[in-house]
Amino acid sequence: MKQSFTLAPTPVVYFGEEKISYLPEAIKNYGKQFLLVTGESSFVSSPLFERLKEQFEALKFNFAQTYVKGEPTPWLVDAAIQELGAFE
């Protein structure tokens, strides 16, 4: 059985060094609760990740994190959200 989904256009994409620091400001208008999907180790073991988490905490974001190999699929993200109990 094929599953379908809708993908909304990406509002803004930043490219370049240190652009990750724009993320907290960019997402705060969408809410304070989210799932952060990252690769297994390179980013999460970097100082940038620690700075990003500090920014999230300063803005009082409630976020959960999951790791993936390769590209995340909509089904993987849906399963991760269900497993987290929708941030209960």
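Biologist: Why is Lys28 called partly exposed?

Modeller: In this predicted model, Lys28 has a relative accessible area of 35%. Buried means under 20% and exposed over 50%, so Lys28, at 35%, counts as partly exposed.

Biologist: Happy with that. What makes the contact of Glu25 with Lys28 a salt bridge?

Modeller: The closest N and O atoms of Glu25 and Lys28 are 3.1 Å apart. The cut-off is a side-chain nitrogen of Lys or Arg within 4 Å of a carboxyl oxygen of Asp or Glu, so the pair qualifies at 3.1 Å. Glu25 is also partly exposed, because its relative accessibility is 47%.

Biologist: How many salt bridges does the structure hold?

Modeller: There are three. Glu18 pairs with Arg51, with the closest N and O atoms 2.6 Å apart. This pair links distant parts of the chain: Glu18 lies in the segment before α1 (23-27) and Arg51 in helix α2, 33 residues apart. Glu18 is partly exposed at 38% relative accessibility, and so is Arg51 at 39%.

Biologist: And how do you know that Lys53 and Glu50 form a salt bridge?

Modeller: Their N to O distance is 3.5 Å. The limit is 4 Å, so this pair counts as well. Within helix α2, Lys53 and Glu50 are three residues apart, which means about one helical turn separates them.

Biologist: Why does Lys53 count as partly exposed rather than buried?

Modeller: Lys53 has 23% relative accessibility. Buried would need a value under 20%, so Lys53 falls in the partly exposed class.

Biologist: Let's turn to the strands. What makes β1 and β2 a pair?

Modeller: Seven bridges join β1 (residues 33-39) to β2 (residues 62-68). Pairing asks for at least two bridges, so these strands pair. They run parallel, and the chain passes from β1 through helix α2 (residues 47-58) to β2 in a right-handed β-α-β crossover.

Biologist: Which residue in β2 is the bridge partner of Leu36?

Modeller: That partner is Gln65.

Biologist: Which pattern does the protein chain follow along the sequence?

Modeller: Reading along the sequence gives α-β-α-β-α, with three helices and two strands in total. As for the chain as a whole, 19% of its 88 residues count as buried. Its accessible surface comes to about 7,000 Å², and 55% of that belongs to carbon and sulfur atoms.

Conventions: Residues numbered from 1 in each chain as written. Predicted model: local features only at pLDDT ≥ 70, side-chain atom pairs only at ≥ 80, totals over all residues. Heavy atoms only, no water. Helix = DSSP H or I, 4+ residues; strand = E, 2+ residues; numbered from the N terminus. Right-handed = clockwise from strand over helix to strand, strands pointing away. Buried < 20%, exposed > 50% of the residue type's maximum accessible area, 1.4 Å probe, protein only. Areas by Shrake-Rupley, 256 points an atom, 1.4 Å probe, with all protein chains shown as cover.
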